[in-house]
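Please consider the structure shown below.

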Amino acid sequence: MIFAVSRGRGHQLLSMLFIFGLLFSISDGAAADVTLPGVNIDFSGTDEAETDIAPAIKILLALTVLSLAPAILIAMTSFMRIIVVLSMLRHAFGMQQTPPNTVLISLALFLTIFSMLPSLQQVQELAIEPYLSDRINTEQALKLGIDPLREFKIRQTREQDPALMVEVSGNDKPKSMNDINTFMLVPAFMLSELKTAFQIGFVIFVPFVMIDIIVASILMSMGMLMVPPMMISLPIKVLMFVLIDGWNLVVQSLMNSFA
């Protein structure tokens, strides 16, 4: 056992000495090439490394955006309003897991794309395509890409919510909505989306609550106190929702709320 451990450390020591020797040979300024079976590594001092910095930064930015995609989706789009309304609809039925979360999230994603399609097209035309064709730099692309999203947020944000953010942050009151900093516009937009979603959800809840009250009153008048009202009201609510084509009404109301 001791011999095996010592031999393993000996291999590690030889590998480290080889790497250090390779680094020292490169640091002396001499061109060095390492050739292995099927592998050719060139350490020569050329200017190609300088030209590889920009693609590396692009890859880093892309990975950063992908890692922040859920937060960007919730804070910068209409996804929050849609998913909250769909979740409240599911609770109004009284079914905690039907439709499943994957179904609601998938539907909310497609409705988000439909509701923000004009803004997304402007981002594509003004920022993404010119940036990919190297007509503008990264700073210009970010500025041009955020402007359509700011316009969408300003249209959907109530005036009292940005005022609250300005008061909380302690900054000077802006002259107009266009002068509000994006850092304060995002939470104001989220507050407005939550308020609008709860307003729509309240309207959805009312008929389902009325059905529960009517069923509970009928069962109580008949003396059937041991029968859970949910067992009777749930099929009635599902039948009513199907007969009035409820999913189309909910989707249409959501899309009209962004007009």
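Read along the sequence, the chain follows the pattern α-β-β-α-α-α-α-α-α-α-α-α-α-α, with twelve helices and two strands. Here helices (H or I, at least four residues) and strands (E, at least two) are DSSP runs, numbered from the N terminus. The model is predicted: local features need pLDDT of at least 70, and side-chain atom pairs count only at pLDDT 80 or more, whereas totals for chains, interfaces and linings use all residues. Residues are numbered from 1 along each chain as its sequence is written, and side-chain values use heavy atoms, with hydrogens and water left out.

Of the 259 residues of the chain, 27% count as buried, a term for under 20% relative accessible area, with exposed meaning over 50% and partly exposed in between (1.4 Å probe, protein chains only). Among contacts (heavy atoms within 4.5 Å) between residues at least 6 apart in sequence, 66% join residues at least 24 apart.

In soluble globular proteins, nonpolar side chains tend to be buried together. A nonpolar core is defined as a set of buried Ala, Val, Leu, Ile, Met, Phe, Trp, Tyr and Cys residues joined through side-chain atoms within 4.5 Å. The largest such core in this chain has 30 residues, of which Ile82, Val85, Leu89, Ile204, Phe208, Val250 and Leu254 touch the most other members. At least two residues of this core come from each of helix 4, helix 5 (79-93), helix 6 (101-115), helix 8 (138-156), helix 10 and helix 12 (246-256). Helix 5 supplies the largest share, eleven residues. Not counting residues up to four places away in sequence, Leu89 touches Ile204, Phe208, Phe241, Trp247 and Val250. A second, separate core of eight residues includes Val166, Met177, Met184 and Ala188.

Helix 4 (residues 69-76) packs with helix 10 (residues 182-221) at an angle of about 65 degrees, their axes being 9 Å apart. Axes are lines fitted to C-alpha atoms, for helices over the stretch in contact, and angles run from 0 to 180 degrees between N-to-C directions. Helix 4 is therefore roughly perpendicular to helix 10, a description that covers 65 to 115 degrees. Ile74, Ala75 and Met76 of helix 4 make the contact with Val186, Phe189 and Met190 of helix 10.

Helix 10 also contains Glu193. Is this residue, Glu193, buried or exposed? Glu193 is buried, with a relative accessible area of 0%. Leaving aside neighbours within four places in sequence, Glu193 is in contact with Ser78, Met80, Arg81, Gln156 and Phe258.

How values were computed. Parallel < 35°, antiparallel > 145°, perpendicular 65-115°, else oblique.
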